[in-house]
Amino acid sequence: MPAADTTVSARTESRTPAAERSATSGSDKYLGWLFAIAIAAAAFNLRPVVTSLGPLLDQVRDDLGMNPTLAGLLTAVPSLCFALFGFAAPAAARRIGPIAVVTAGMGAITAGVLARSFAGGTAVFLLLTALAMAGVAVSNVLLPVVIKRYFPEKVGPMIGLYSMALSAGTALAALVSVPLTNALGGDWRHGLGVWAALGALALVLWLPVLIAKRERGERADGAALARLPITRSRTAWALACFFGLQATGAYVVMGWLPKIFQDAGVDKGTSGVLLAVTMVIGVPVSFVLPNLAARRGDQRPFVVVLASCGIAGYAGLAFAPAGGAWVWAVLVGLSNCAFPLVLTMIGLRARTAGGVAQLSAFAQGVGYLISVPGLILIGRIYDITGQWYWPLGFLALLLVPQMLFGLRAARARHIEDEAVHPAEQAKA
């Protein structure tokens, strides 16, 4: 509860009858449930912007006249937006509060997804995709902050709920994009635009939370959002590099996996189902993994296992994409569970909501910038070679430094102990 709400509550408690206090407590309980549902709904909307596009990428490319390099740029748009807008998220949260920023993010997702379905050219399509991704970016950064602030004793379970909902939204978009588009007449514009309805639903859920919490930026929790010299923290840098490398693999999979299978002779519908399998694997794992990771001071075993699954999965896709398609989809899906793992580590590596806000923005902002060259390079390599052997080999190779940075980031540390000014270190 924000400080202002606590003050009001203290003032009025003495003159509130017991029955009325009980009713207030009950309303707080219902608000808590609404808040948790709103967080899940927001998370559900963070990936359909991308994964609904993957199975329809060929149609979009043909209609808008994109070459493979431009398509590679399209897969890099999320990372570019996450970096640019992710860095701005903590400042916006300090000014108007994280709940208000996430609510605005849901509005941007809704508007961008709906409007891009009317785009008449590549530039407009990319611009409107960027608008939607801006909403995703600020929500990505601030949802862990909201969880840390309002559910401080349930960080593991709430991150698990958030990650599970995110994986479910990712999987659903991948699974139904093609059949849904066919049911709507076969036009990709309808198949992509319909996902705006989910964004609108999330927006409707966040508005009452915004009104009930009445945040006022720094006045809501000024101390928690005090700034740290976070670039002095080695753990923060390790998390940023780990985040960036896992994001490269995740967005290549979301943007290109159906195309990889289609080039190997798998039909369009099955390729979408295989992408969905990759994402569905993340639903139970994304719920269980954060809870397991939060109970340990050290998350290094999880880092090694997930990277090993990725190396095996990419090797299979390179050498026998159609023959073991279902196995490779499962292994790659497990590898992509590095995302809920790194989110959990972000929540654990800072002591306060303010620390989480800055660490989340730094790790995701720098991380997504790190991922951009790789995403563009994948499209370029495919454009030059016309085959997936070398791009997949490159992805497998990236998992080695990802594992090394992950091992460093997984140690039980707090950035507040590392991100200190030299003068403070001297006093200590």
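Me: Gly54, buried or exposed?
Reply: Gly54 counts as buried, because its relative accessibility is 7% and buried means under 20%. This is a predicted model, and the value is computed from it.

Me: Where does Gly54 lie?
Reply: Gly54 lies in the loop between helix H3 (48-51) and helix H4 (57-64).

Me: How far apart are Gly54 and Ser271, in sequence and in space?
Reply: In sequence, Gly54 and Ser271 are 217 residues apart. In space the C-alpha to C-alpha distance is 9.7 Å.

Me: Switching to cavities. How many of 30 Å³ or more?
Reply: Three. The largest cavity holds about 240 Å³ of space.

Me: Which residues lie nearest the centre of the largest cavity?
Reply: Leu166, Ser167, Met279, Asn336 and Phe339. They belong to a lining of 20 residues.

Me: And which elements give two or more residues to that lining?
Reply: These are helix H8 (155-183), helix H12 (234-263), helix H13 (268-280), helix H14 (282-295) and helix H17 (338-348). H12 gives the most, with five residues.

Me: How does the lining of the largest cavity divide into nonpolar, polar and charged?
Reply: Ten residues of that lining are nonpolar, nine are polar and one is charged.

Me: Which residues line the second largest pocket?
Reply: Its lining consists of Lys29, Gly32, Trp33, Ala36, Phe151, Lys154, Pro157, Met158 and Leu161. By class, that lining has six nonpolar residues, one polar and two charged.

Me: Which helices supply at least two residues of it?
Reply: Helix H2 (18-44) and H8 each do. H2 gives the most to this pocket, with four residues. H8 is also among the elements that give two or more residues to the lining of the largest cavity.

Me: Now the surface. Which residues make the nonpolar patch of about 260 Å²?
Reply: Leu175, Val273 and Trp326 make that patch.

Me: Where is Leu175 found?
Reply: Leu175 is found in helix H8.

Me: Why does Leu175 count as partly exposed?
Reply: Because its relative accessibility is 38%, and partly exposed covers the range between the buried cut-off, under 20%, and the exposed one, over 50%.

Key:
Residues are numbered from 1 along each chain as its sequence is written. This is a predicted model: local features need pLDDT of at least 70, side-chain atom pairs count only at pLDDT 80 or more; totals for chains, interfaces and linings use all residues. Side-chain values use heavy atoms; hydrogens and water are left out. On a 1 Å grid over the protein atoms alone, a cavity is a set of points where a 1.4 Å probe fits but cannot get out, and a pocket is an open set with protein on both sides within 12 Å along at least five of seven lines; lining residues have an atom within 4 Å of a point. Grid points are joined across faces, edges and corners, and a volume is the space filled by probe spheres set on the points. Ala, Val, Leu, Ile, Met, Phe, Trp, Tyr, Cys and Pro count as nonpolar, Asp, Glu, Lys and Arg as charged, and the others, Gly among them, as polar. Patches are made of residues with over 30% relative accessible area and no salt bridge: like charges are joined within 9 Å, nonpolar side chains (Val, Leu, Ile, Met, Phe, Trp, Tyr) within 5 Å. Accessible areas come from the Shrake-Rupley method with a 1.4 Å probe; for residues, only the protein chains shown count as cover. A salt bridge is a side-chain nitrogen of Lys or Arg within 4 Å of a carboxyl oxygen of Asp or Glu. Buried means under 20% relative accessible area, exposed over 50%, partly exposed in between (1.4 Å probe, protein chains only).
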